Amino acid sequence: ARLRARFDQRLDEYATFWQALETLCRKYTLDHQAASAQMQEFIRDVSDVADMVDTVESARAGAVAARRERQSLQSFVVGGQ
């Protein structure tokens, strides 16, 4: 009877351990999913800002190139007269 009681006690401890581990793993999974979603949102935000900066730099470079082209054409026209 004592051996059976000890076995049952150990079996309960074993089951409790695995239940606690399952709870911990489920919590970790939920926390990880939340953190992953936040990271993905941050990466999207940074990517959007990088795209905006690239667009501004491209527009600026295009404006500079257009200005140079106009100046070059004006020089050509004025110089050709």
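This is a predicted model: local features need pLDDT of at least 70, side-chain atom pairs count only at pLDDT 80 or more; totals for chains, interfaces and linings use all residues.

User: Fine. How many helices and strands are there in the protein?

Analyst: One helix and zero strands. Helices (H or I, at least four residues) and strands (E, at least two) are DSSP runs, numbered from the N terminus. Helix H1 covers residues 2-80.

User: And is the protein a compact globule or more spread out?

Analyst: More spread out: the radius of gyration is 35 Å, well over the 12 Å that the globule rule gives for 81 residues. That radius is taken over C-alpha atoms, and the rule is 2.2 Å times the number of residues to the power 0.38. The C-alpha trace spans about 120 × 15 × 5 Å along its principal axes.

User: What percentage of the residues count as buried?

Analyst: Of the 81 residues, 0% do. Buried means under 20% relative accessible area, exposed over 50%, and partly exposed in between (1.4 Å probe, protein chains only).

User: OK, switching to aromatics. How many aromatic pairs does the structure hold?

Analyst: Two. Tyr14 and Trp18 make an edge-to-face pair, 6.0 Å centre to centre with 70 degrees between the planes. For the cut-offs, rings of Phe, Tyr and Trp (its six-membered ring) pair if their centres lie within 6.5 Å; planes under 30 degrees apart count as stacked, over 60 as edge-to-face and the rest as tilted.

User: Where do Tyr14 and Trp18 lie?

Analyst: Both are in helix H1, four residues apart, about one turn of the helix. Trp18 is partly exposed at 43% relative accessibility, while Tyr14 is exposed at 52%.

User: And why is the pair of Phe17 and Trp18 edge-to-face?

Analyst: Because the ring centres of Phe17 and Trp18 are 5.0 Å apart and their planes sit at 75 degrees. Phe17 is partly exposed, with a relative accessible area of 46%. Ring pairs link Tyr14, Phe17 and Trp18 into a cluster.

User: Nice. Now charges: how many salt bridges are there?

Analyst: Four, where a salt bridge is a side-chain nitrogen of Lys or Arg within 4 Å of a carboxyl oxygen of Asp or Glu. One of them joins Arg4 and Asp8, with the closest N and O atoms 3.5 Å apart.

User: How far apart are Arg4 and Asp8 in helix H1?

Analyst: Four residues, about one helical turn. Arg4 is exposed at 54% relative accessible area, and Asp8 is partly exposed at 29%.

User: Which residue meets Glu13 in a salt bridge?

Analyst: Arg10, at 2.9 Å from N to O. Glu13 is partly exposed at 38%, and Arg10 is partly exposed at 40%.

User: What about Asp31, which residue does it form a salt bridge with?

Analyst: Lys27, with the closest N and O atoms 2.8 Å apart. Asp31 and Lys27 lie four residues apart in helix H1, about one turn. Both count as partly exposed, Asp31 at 42% and Lys27 at 49%.

Conventions: Residues are numbered from 1 along each chain as its sequence is written. Side-chain values use heavy atoms; hydrogens and water are left out.
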